[in-house]
Amino acid sequence: MSDHPQIAVQDIKAEVDAWLQENWSTDLDLGVWRDRLVEGGWAAPAWPEEFYGRNYSPEQAAAVAQAFDAHGAVGVAQGGPGKLASHTILVHGNQAQKEKYLRPILTGEHAWCQLFSEPGSGSDLAGLTTKAEKHGDKWIINGQKVWNTSAHHADYGILVARTDWDVPKHQGISYFLINMRQPGVEVRPLRQMNGHASFNEVFMVDAEVLAEDLLGAEGEGWKIAATTLSAERQGFGGDRSGGRVKDLAGPIYAQYRQELAVALEPYTWYPQRAGRVDLAWPRAAATGALGDPLVRQELAKLLAMKKAADLAALSAEQKCRTGQTNVIPEGSIGKLAASVIARQASHVHTLVSGTDAMLTGADSPMDGLIAEILVSVPAISIAGGTDEIQKNIIAERVLQLPKEPRFDTGPFRDVPRNVADV
Amino acid sequence: MSDHPQIAVQDIKAEVDAWLQENWSTDLDLGVWRDRLVEGGWAAPAWPEEFYGRNYSPEQAAAVAQAFDAHGAVGVAQGGPGKLASHTILVHGNQAQKEKYLRPILTGEHAWCQLFSEPGSGSDLAGLTTKAEKHGDKWIINGQKVWNTSAHHADYGILVARTDWDVPKHQGISYFLINMRQPGVEVRPLRQMNGHASFNEVFMVDAEVLAEDLLGAEGEGWKIAATTLSAERQGFGGDRSGGRVKDLAGPIYAQYRQELAVALEPYTWYPQRAGRVDLAWPRAAATGALGDPLVRQELAKLLAMKKAADLAALSAEQKCRTGQTNVIPEGSIGKLAASVIARQASHVHTLVSGTDAMLTGADSPMDGLIAEILVSVPAISIAGGTDEIQKNIIAERVLQLPKEPRFDTGPFRDVPRNVADV
Amino acid sequence: MIRTRNHVREYPAAVVPAMYNVRLFLGEYLENGWKMDVGFTEDQLQFRDVVSRFLTDKSPPAAVRTLMETAEGYDPEVWQQLSQEVGLLGTHIPEQYGGFGFGLVELGLIAQEMGRHLYCGPFFSSAVMAANAILLMADEVHKQALLPSLAAGTSIACLVLDSLASPEELGEQLQVQDGHLSGQAELVVDVQAADTLIVLAGGQDGLALFAVTPDQAEVTPLQSMDATRKLARVAFTRVPVQALGQAEPGQVELLWDQMATMLAHEMIGGAEHLFESTIDYMKIRVQFGRTIGSFQALKHRCADLMLELELAKAMTHAAGRFLAGGEGDVYSPNMAKALASEAYLSVAKQAIQLRGGIGFTWEEDTHLWFKRAKSSEVFLGTAGWHRERMIQRLEEENAHV
Amino acid sequence: MIRTRNHVREYPAAVVPAMYNVRLFLGEYLENGWKMDVGFTEDQLQFRDVVSRFLTDKSPPAAVRTLMETAEGYDPEVWQQLSQEVGLLGTHIPEQYGGFGFGLVELGLIAQEMGRHLYCGPFFSSAVMAANAILLMADEVHKQALLPSLAAGTSIACLVLDSLASPEELGEQLQVQDGHLSGQAELVVDVQAADTLIVLAGGQDGLALFAVTPDQAEVTPLQSMDATRKLARVAFTRVPVQALGQAEPGQVELLWDQMATMLAHEMIGGAEHLFESTIDYMKIRVQFGRTIGSFQALKHRCADLMLELELAKAMTHAAGRFLAGGEGDVYSPNMAKALASEAYLSVAKQAIQLRGGIGFTWEEDTHLWFKRAKSSEVFLGTAGWHRERMIQRLEEENAHV
């Protein structure tokens, strides 16, 4: 995907503008518009020309997005898992898979989910025990997945399952594209301690995957999953704002808002999980808690850490851009900082609330928002790689300290695992 | 040493009193008095009758000490290492060794030191590499020891050294009684970061130990060292007060004070190492630092932790007495608490001192005592078993969590060790 | 004051059904020596085991989950058994008022077990808060009128305070003028279960205690973060009242000390449960081919938690003994609440963290205790408030010297 | 304000001896990507490497140990080289006063390297404290008289303040009345090396700056815990003085911000050294048949330390950029000093702990940095003071809005 065309940003913007003048209308049905978008080649400008794209550089693609935004035109479907799926299929899929799956992701016709984590393998994702067995031209899948955002309305899933139990654990995994709308797949919402149910559990009992829906080769699943996970870490799954256009008036925007609402619903509590540092000062000032010397100290610690972490993140970003660092270790430091900050924010919010911190919901400060912080912050140091995993990464990859002794390098069949697992 | 004689405490006191009336005089030379003490059988009442004792129970022995104290009579020689040596010899020595070594320890004629730790084996004491080789009727010792309190004025040392390199590390160690007054032994004071030199390094180059001074059998050194270490943990080496008699007037007391001064000199900074919590409140009140809300919080944390630790220690002591627990894990919790408390005390002393904490010596608060706290506290979490070792003990022995994977179970010759070691 | 051995010995034999065989459970404690608390008589420990056994039976997580979704927040049948069969409500109430005449050490042992089992019910509001307020401040005639039914469990009281944050703010909102009570208490514990509201209110002679019936109050149930402890707003508009008794100097703070110390017991009980269950989980959960309990970073973290918890326990039990008439520092309740709050929260955070994602789910039980820890952190004074108060008391002590 | 690339580029070429080949050392930094600080121009980083190279050469631990035992506390020959050959003393002094016209970002880079190498000498007192005070407060004529010789290193100044704890207390002890300076400064840094004492004292028109010669002062050397930074008590008895200039509103705090920020740079440099040397030690020290760096509990502790250190570094460099005229929060110096103090102390404690017994000995170098960390903790305001001040400034900011 290199060798980007030599077109200047302003020319791109002009071209997009002209095309939008011709094609865009707020009265269009969203589906009709998306088809037109794909046909016009503006759906995914950074993708190859063969697949709805123009092989644009990130800067060039950003220019397209800016032009769309300026024009008030709706883009392709949002939704984190779909982006992860299309990115992975683009990199590892065969021609047929790309033809079959990419377009409906862009138009929003197909929703996707990610079927990676399992109850028995959290930090140790490669220890997964979902089983895939080849029967004729089908793979039969048995096992359980968990933490599957959007699985309850997904049409397809990207799935990793074990196809060989006699090789070391990373080598026996394969990567599948599974149809979620089949009898063998059951999706149950998973409620969290903060009351939200933004994830699901997915139970697969003799679920089927066509042989043609194996992505890459058998046993290459771990390598392919790394592409997905790397995209996730780089925030491919994270663009969830919907842009300013979601607030405009017109029939197509209503459809777009509805689509967005479904896609973004699982993420409403994410800001609270991070501690809502933004609310600390205004609330301390408003409640009078700022008069308490201890609150002042704890608040100052919080704000200083947050500012420092933002600065460090900025600096990590610069290092990445100039190629001075690998994104992963710097990301680990940032993630660890986020945990420390969220916990301190929770502490400050508690002190500021005083005994009102005993309440929740509409009876409690900020209509339950503060209470949601207090019961959501424990997730920040777990989700997306626990603090412990981040510390391992920092110690081993950044500081180059020796790796942990391993007890799971032999054939997977012989590796100790959780009793509940197969 | 069980089957204590059936004598009531008041009868013991009466007997001691009568004997002291007869034998004790403040005009005696200390050496003469100690001989008389040993002959009279009151030197070590808890020891067997065969060796200067009466096979008394701890309570009975305490009654003897009380009677001595009430009478103002001086007891046997103090000095931690000597007590550790005599206890170990009493348990593991043969008849000749007991006859040769025990009495001069009681009279103070012989000072002892402990030669266990090495530069290359700190937490991992059993990884020691000091070498003992049998040549005829002698053992030839080569190696270096460190952290040897009192070695600079010791006559003898209790020494562990490796006699077999082809067995696992704990099995190749032997226990020796070494004469410190010989050309092959060089003692150098080891200065600490707080300026004191309360330890030594001991270099042994072809130092000699007579075959008869091997304690126990060859290869049993680790087991015997455990007796010494257990005695150390139970505070056998810790009674350093000298009692009230050291402050009395009379010729023998002067001699006693001198003996004590030499024995206790290495320990003068130990209270500062523990943080001197006792000084925190009075200084905060005297300096006006108590007006600072932050000092109040930190001081309250300190005092509450200290009080709680004292209560927990009391409770551990009760558990030991009633046989509900093994002393080691409870001791580990206490030692860990001491570290946390000392660090918090250092923090409080710093806040109370303000910029005066930049000074030391006579120019600084309390004639340098506070500065000594600040630069001595780092030792508390290292000396006598690091915090890390204590946490291992708590996790593995108390909480019964799995042990660390081991990489040192094979023949010692093949175990990775520090480059500087032999 | 710790009762004599004889006095205690009668107790379990008289009221404990045979199924709660105390000897049996004492054995369990001895096997797990490190978990054993000292400073208690053997009879006290037996008593605790009886309570523990009862709650294991009657307050399993499933029951907690059912009750926390109800408006009443407790099971009247279990309350009946708890009071009638096991007799826990009268533990600390003197015999002349229908109780068993034990003290705050025994009440603390109950609170600890209730915290451990997350018992849902008005025990803390009625037996700890209201009964102790009456014992301290009510006149003899009112003690005789009120306490026996509380001890028997036939009546349930709750204590209405206009601040749960610090005793310094008490009597600011709730005021009695010309014999009429008015004002609002923003947070009242377990009022929904009470038939008697014991109100501490300000008046012309300072703070005094009053009794009111629920129908005289406007009660607005509130959603509590910790659904196992119900909260409500309670307002009074010129309710005619007569004082049960006047709060003498020092009594309000003594009441606060008692409540905070009992809460500290509850908290260390909860923390013990979470700590033990977490250690158990770490011994079976496998990742990377080994139990997660074998990872040194996690082992050391558990050692740190154990230290924090042991210190909090030692202090809390000492505060109980002090309030029961034993030796101790006047500010030991402050130290107990501060240490217990922080230890409980440390343990609760790690109980989730060490379980990973599953620890954050609703169906796993950890969050129930986490929310109790979080809520108890600010209930009856934050750690910071208690530390500041401790220093004030030390200053007062030193000023007298 | 960060100078232009061109402006900087002249600098190393003009004054750096060939042996300090900057390209070479930049290469080292690139190899160790994570250690690299961003937000600096390539020229600034080259400049830092020159300084680092110079100090590696001239301020090894052996030199530090020798100098800290002397009364003067510095090596005049190295001072000469530092000022004449490498030109560090004039870094931040404008060209019209004989300096190089760089700013506090470059001065901060020097301070960071000096902290890393524990440089012994009056750099902080003369170049950082005194020169910045003169730059801020002295009248033009005095700047012209004083700064060129400071920039050239032919004169050494020290700043006499009557508090090193907070700017709020300044001018309470040192007072000028009728043109005569009296009073005592309890703690003065590196006065023993100075030929000029710059005194900030109170007078009828508020705080002003004065110059005094050493023979006009009674100097009592004091034993400093950190022997690499000399301290003395300085007293004045009716010394006739003329003001160099008046402290305008805000200037005293700005001076304090500058000093605290430069100290923060020094501290993160020291912390970096200790952290890196500790990691190195952990890779070679063997216990139980494995390097101690392979124990997960220690690995995770190092990850925590790295986080703390990275945050302190990011904040400190941001404060430097802010003071040099860049974007930023007015209270960023407070955040920098608070974070840097705590990070340095955390690292210093662990640098000893992770070395075990040897880390506590005099002959091992760690304690030299530990004492600098401990001493710098209270120098120019504790973390608590800086946090409180930060909140005050936020309040002021919000009051203006």
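This is a predicted model: local features need pLDDT of at least 70, side-chain atom pairs count only at pLDDT 80 or more; totals for chains, interfaces and linings use all residues.
Me: Of the contacts in chain A with a separation of 6 or more, what percentage is accounted for by residues 24 or more positions apart?
Reply: Contacts in chain A with a separation of 6 or more form the reference set here, and residues 24 or more positions apart account for a stated part of that set. That part is 73%.

Me: Which element gives the largest share of the side of chain A that touches chain C?
Reply: The contact takes 37 residues from chain A and 36 residues from chain C. On the side of chain A, the elements that give two or more residues are α11 (327-353) and α12 (369-376). The residues on this side divide into 19 nonpolar, twelve polar and six charged. The largest share, three residues, comes from α12(A).

Me: Which residue of β7(B) is the bridge partner of B:Val187?
Reply: Strand β7 (residues 199-210) of chain B runs antiparallel to strand β3 (residues 138-146) of chain B, with eight bridges joining them, and in that strand B:Ala207 is the bridge partner of B:Ile141. Strand β6 (residues 185-190) of chain B also pairs with β7(B) in the antiparallel sense, over six bridges. In β7(B), the bridge partner of B:Val187 is B:Val202.

Me: Is C:Asp162 buried or exposed?
Reply: C:Asp162 is placed in the loop between β1 (157-160) and β2 (175-177) of chain C, and among the residues that it touches are C:Leu170, C:Gly183 and C:Ala185. Because C:Asp162 has 22 C-beta neighbours inside 10 Å, the residue counts as buried.

Me: Which residues of chain B does C:Met315 touch?
Reply: C:Met315 is one of the residues with the most contacts inside the largest nonpolar core, which has 378 residues. Leaving aside residues up to four places away in sequence, C:Met315 touches residues of chain C, including C:Ser332 and C:Leu339, and from chain B it touches B:Ala304, B:Lys307, B:Ala308 and B:Leu311.

Terms used. Residues are numbered from 1 along each chain as its sequence is written. Chains are lettered from A and ligands numbered from 1 in the order in which they are written. Two residues are in contact if their C-beta atoms, placed from the backbone, lie within 7 Å. Helices (H or I, at least four residues) and strands (E, at least two) are DSSP runs, numbered from the N terminus. Ala, Val, Leu, Ile, Met, Phe, Trp, Tyr, Cys and Pro count as nonpolar, Asp, Glu, Lys and Arg as charged, and the others, Gly among them, as polar. Two strands pair if DSSP finds at least two bridges between them. A residue is buried if 20 or more other C-beta atoms lie within 10 Å of its own, exposed if 12 or fewer, and partly exposed in between; C-beta atoms are placed from the backbone. A nonpolar core is a set of buried Ala, Val, Leu, Ile, Met, Phe, Trp, Tyr and Cys residues joined through C-beta atoms within 7 Å.
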